[in-house]
Amino acid sequence: MARRKGSKAWWDEKLADFYLRRSEVSVRGFAEEIGVTQGSLSHRLYGESKLQQREKAKRVASQETRLVEVDVVGLPEQSEVVTARWLEAETPRGMRVRFPEGTGSEYVADLMTRIAARGV
């Protein structure tokens with residue numbers, strides 16, 4: 001079910017998305033992307049009255065594990081790696097683990113869940 005733009009649930013979702021991507025996007029760029037003014041987004045990100053909503057969004061964002069595709073260059077010629085394409089998974093606390101492309105998704109999910117459960 002689609003959330004109504006501007007609703008509390010919609011903002012909760014957008015703020016969590018911003019915190020997930022904050023290293024990739026500026027406040028201005030993200031505001032343009034989601035179709036709101038920079039002032040409106042800034043109010044949600046920095047306003048005193050929105051502290052609880054921000055904290056909730058940060059918690060949601062920190063619980064996400066993301067897979068990021070990376071290219072590895074300069075592998076040794078006698079490497080056992082069949083492909084130079086890798087996936088990179090990151091725990092909520094920033095630990096990154098690389099897997100060769102084609103590694104089973106269930107294995108990756110299980111391993112990352114176990115690592116995250118240890119607080120790493």
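Which residues in α1 meet which residues in α3? I opened the notebook with that.

**Ground rules.** I am working on a predicted model, where local features need pLDDT of at least 70, side-chain atom pairs count only at pLDDT 80 or more, and totals for chains, interfaces and linings use all residues. Residues are numbered from 1 along each chain as its sequence is written, and side-chain values use heavy atoms, with hydrogens and water left out.

**Entry 1: α1 against α3.** I looked up the contact (heavy atoms within 4.5 Å). From α1, W11, L15, F18 and Y19 meet S40, L41, R44 and L45 of α3. By class, I find six nonpolar residues, one polar and one charged in the contact of α1 with α3. Here Ala, Val, Leu, Ile, Met, Phe, Trp, Tyr, Cys and Pro count as nonpolar, Asp, Glu, Lys and Arg as charged, and the others, Gly among them, as polar. Helices are DSSP runs of H or I, at least four residues, numbered from the N terminus.

Next I checked the geometry. Helix α1 spans residues 8-21 and helix α3 residues 38-46; their axes come within 11 Å and cross at roughly 80 degrees. Axes are lines fitted to C-alpha atoms over the stretch in contact, with angles from 0 to 180 degrees between N-to-C directions. The two helices, α1 and α3, are therefore roughly perpendicular (65 to 115 degrees).

Entry 2: Buried means under 20% relative accessible area, exposed over 50%, partly exposed in between (1.4 Å probe, protein chains only). This core has 15 residues, and W11, L15, F18, V36, L41 and L45 have the most contacts inside it. Elements giving two or more residues to this core are α1, α2 (27-34) and α3. The largest share, six residues, comes from α1.

I then followed W11. Not counting residues up to four places away in sequence, W11 touches G6, I34, V36, S40, L41, R44 and Q53. Another core lies apart, with six residues, including A89, V97, F99 and I115.

Entry 3: Is K8 buried or exposed? K8 lies in α1, and its relative accessible area of 54% makes it exposed. Leaving aside neighbours within four places in sequence, K8 contacts Q53 and K56. K8 and Q53 sit 45 residues apart in sequence but 8.7 Å apart in space, C-alpha to C-alpha.

S7 lies in the segment before α1. At 14% relative accessibility, S7 counts as buried. A polar atom of the S7 side chain lies 2.8 Å from the backbone oxygen of R4.

Methods
Angles under 35 degrees count as roughly parallel, over 145 as roughly antiparallel, 65 to 115 as roughly perpendicular and the rest as oblique. A nonpolar core is a set of buried Ala, Val, Leu, Ile, Met, Phe, Trp, Tyr and Cys residues joined through side-chain atoms within 4.5 Å. A polar contact is a pair of N or O atoms within 3.5 Å; within protein, one must be able to donate a hydrogen and the other to accept it, and residues adjacent in sequence count only if both atoms are side-chain atoms.
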